[in-house]
Amino acid sequence: MMNFITPIFSAALPEIFILCMTSMILLIDVSLKERYQMVTYLLVQFTLIATFLLAVAQYREYPHPIITFDGSYIVDKLAILTKLFVLVTSFFAFIYARQYIKDRGILRGEYYTLGLFAVMGMLIMASAYSFLTIYLGLELLSLSLYAMVALQKESAIATEAAMKYFVMGALASGLLLYGISMLYGATGSIEILTIGNMLQNSLHQQNVVVILSLIFILSGLLFKLGAVPFHMWVPDVYAGAPTSVTLFIASAPKIAAFCVTMRILVQALPTCSVTWSSILIVVALLSMFSGNLLAIAQTNIKRMLAYSSIAHIGYTLLGIIAGPGSTTGYSAAMFYITTYVIVAAGAFAIIAVLSKQGIELDQLEDYRGLNARNPWLAFMMLLLMFSMAGVPPTVGFFAKLGLLEALVEAHYVWLAALALLFAIIGAYYYLRIVMLMYFEEPRDVSLATHIVIAPGIMTAITLNGVVALVLGLFPSTLIDLCRISLY
């Protein structure tokens, strides 16, 4: 006879609310006339704000972790903080996307509802505490993103990018599922907590099977993060997708994927830390090397930022590598990925607002003389590029410094030295954009005109750039939040 324990439904209130609102928005949007399309946008932003407030309430309501839904769902500081970051980033992503998708005739209702389904997938991933829940959240996110990439139907490049993303994403999902099935065979469970406890007691009896399952699971996770050698989709999708979609893919999903990686490696497979640390060292080095080197050769700014994102994932992995041997490794990794997402969202937002109807200003040459055309926008881009390069006093400097300190504390001095070398190499292509904006003249006369941007979007971009600077000057609050959520 089985005992049924009633789940704590309030623990999943943000996900339940966003599901109900998304379903309602989908029905409302179908019946709206063209001139009332603004209603859909307002409802979507209201949904994100209300969900954010529900997550904030959970932060106070659940000071200690609770596990419910038969062990498949957890509410702890890591889950709630991840949700808050995802919701804030998505809120700004939709602000930046609004004018872009309107100019290009991209289906607005479909864009927003798919975006909300993707956000719901990320929220599920943040609280997932069994491999089944992780997979469901991951697939809800992935399927939404595949469709979003292909929304610009008349664009052959976007359609090709969506097909590549879909095929390679299906392969990564297969690898992940195969690894999960092997781990289930070794432990008889798919729950994170149960697997962690069982492996603590019987690791030596199923060592080979567990290690093989770890390799397959890591392959699926590294694809979602966009790390070498599963990075092939990143430049094609970033460059081929509409910039508003690229902005969304480059931001919030990275945080959710990081959270899932922490759950699996640190909470389910801590006994395999020596193995997964060794694998991640190779992946991190290859990601930093390939990402920085290939970014230098790019003339398209979206492809350049795509390769740079591969390098940044490599830096993030350094914190996870240092985690078992240092007191700050995991929190340094979370701080790094969070601040990178803030900066990347701002950079892609500037690319989106500069692109006029029918014209994509995504070549490096298009940024020549931007300071003369719009000094404030050029200054915001300068702050964001400095942060990505790790130039003080921006937040990117402190994020990289935290990772290097964690590596040294964990006795990976040689890895810290290599990471520093790659960071110096990477600074070149970021500073090249700054040089073009401030020290070059536009070659095309049509690009020499003054740029006018809507006040709302300009305010959002300003906030994004200022946050990159303020968090660099006062990083302690965010660092403490990251530390609390992971220790």
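This is a predicted model: local features need pLDDT of at least 70, side-chain atom pairs count only at pLDDT 80 or more; totals for chains, interfaces and linings use all residues.
Residues are numbered from 1 along each chain as its sequence is written, and side-chain values use heavy atoms, with hydrogens and water left out.

F258 lies in helix α11, residues 252-268 (helices are DSSP runs of H or I with at least four residues, numbered from the N terminus). Leaving aside residues up to four places away in sequence, F258 touches L225, T316, I320, Y330, A333, M334 and I337, contact meaning heavy atoms within 4.5 Å. F258 and I320 are 62 residues apart in sequence, with their C-alpha atoms 9.8 Å apart in space.

## Helix α14

Of the 26 residues of α14, 25 are buried, so this helix is largely enclosed by the rest of the structure.

## Packing of α3 and α4

Helix α3 (residues 77-103) and helix α4 (residues 108-127) pack at an angle of about 165 degrees, their axes being 10 Å apart (axes are lines fitted to C-alpha atoms, for helices over the stretch in contact, and angles run from 0 to 180 degrees between N-to-C directions). The two helices are therefore roughly antiparallel to each other, a description used for angles over 145 degrees, with under 35 counting as roughly parallel, 65 to 115 as roughly perpendicular and the rest as oblique.

How values were computed:
Buried means under 20% relative accessible area, exposed over 50%, partly exposed in between (1.4 Å probe, protein chains only).
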